[in-house]
Amino acid sequence: MTTIHKFGATPISCHAWSGNRSELALSHNSKDVTLYNAKGQGWEKTAVLDQHDLRVTGIDWAPTTNRIVTCSSDRNAYVWVKGPDGQWKYTLVLLRINRAATCVRWSPEENKFAVGSGAKIISVCYYEKDNDWWVAKHIKKPLKSTITSIDWHPNNILLAAGSSDFKVRVYSGFIKEIEPKPSATPWGARMPMGNLMTEFSNSPNGGGWVHAVSFSPDGSKLAWAGHDSSISVADAANDMLVMKLKTNLLPMCSLTWIRPNTIAAAGHNCVPYTFIVESDAVKLGSAMEEDKKKESSGKTSAMDLFKNKDKLGQNELETKLNFTHQKQIAEIRIVGGQKGDVDTFSTCSLDGKIVVWNLKTLAGQMKGLKI
């Protein structure tokens, strides 16, 4: 079962949910972030976060501390905290970059966040109590291009980054000022700030930009989606084995783990797909929505064609896709449950809709759904 939330015809480029899932932050592909509160069957606009000068490229809402972080093409990030009066107060974070910020994520413990950018830099930011400001530490080497996506390891230290230089890298995001020395992981034991733990190429021949990265729930595997319409999974516990599946689908823009061995990914196909991770391979599961195509009579008269042009401004009788989303899906977010044990997740799209997908009811409705 899917629940459709419509927010006009303007594209939604990114979104994030509050901790109790009753509030929603989204950007209509603009410089503002709009906050909505669930009211009955609809949504009520409660605030607009309007400090950015250029298009907002990333939003993340910390569920426990209830802080929002936003980043933008204006090279800045803001941390927003809700005051006792209900107003959102902002703090500017100086990222010290000379190109657009592209993505942002809070760490699992919410004591720091990472921002990817077009400056070939990842800024890991933490709060310094003594000076009452956010400090950014840089990860630079050996990045050679724009950071397109980031994801934190469950241990709050390791950080995965996908880039447009066709590479996926795992770094240490250890901040000695605020956290104890980390213990060893399958990705490596030595973890000074900015240390490159490992690096993967999307393919020996390049293989296209990396659009999305995601650690598995236990942190032993790392999945990524490439612009060559592939899904890859690296297994640190199995000698860094890389399993790659090349699909005949359009490229995926976002992915997450909905089960310990199942990935949900969505992108230019306008519908989410499942991918099953086995011990030595990744296999395509199924689409999470059945094709709603109606049987047509096959007869189209010239009169119908002209009527259609006149009334609907369409050249053909059918230009509507047979899925809920009519344009590419920009982002997947978990709504109910947690990574690896997801009940519901949401997708935002350039068609102005946010759709919530309920896995339990979908599994009951679709006999062929593989989760």
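Entry 1, terms. I count two strands as paired if DSSP finds at least two bridges between them. I take helices (H or I, at least four residues) and strands (E, at least two) as DSSP runs, numbered from the N terminus. I work with a predicted model, where local features need pLDDT of at least 70, side-chain atom pairs count only at pLDDT 80 or more, and totals for chains, interfaces and linings use all residues. I number residues from 1 along each chain as its sequence is written, and side-chain values use heavy atoms, with hydrogens and water left out.

Entry 2, a sheet. I looked up strand 20 (residues 230-235) and found that it pairs with strand 21 in the antiparallel sense over six bridges. In this pairing S230 stands opposite K246 of strand 21. I then traced the open sheet, which is formed by four strands in the order 18-19-20-21 with antiparallel pairing. Strand 18 (210-215) and strand 21 (241-246) are its edge strands, each pairing on one side only.

I found H325 in the loop between helix 1 (302-312) and strand 26 (329-338). Is H325 buried or exposed? H325 counts as buried, at 0% relative accessibility; buried means under 20% relative accessible area, exposed over 50%, and partly exposed in between (1.4 Å probe, protein chains only).

I used the rule of a side-chain nitrogen of Lys or Arg within 4 Å of a carboxyl oxygen of Asp or Glu. The count by this rule is 14. One of them joins the side chains of E23 and K82 (4.0 Å, N to O). E23 is in strand 3 (residues 23-27) and K82 in strand 8 (residues 77-82), so this pair ties together parts 59 residues apart in sequence. E23 is buried at 14%, while K82 is partly exposed at 36%.

I found a salt bridge between E199 and R169 (2.8 Å, N to O). R169 is buried, with a relative accessible area of 2%, and E199 is partly exposed at 35%.
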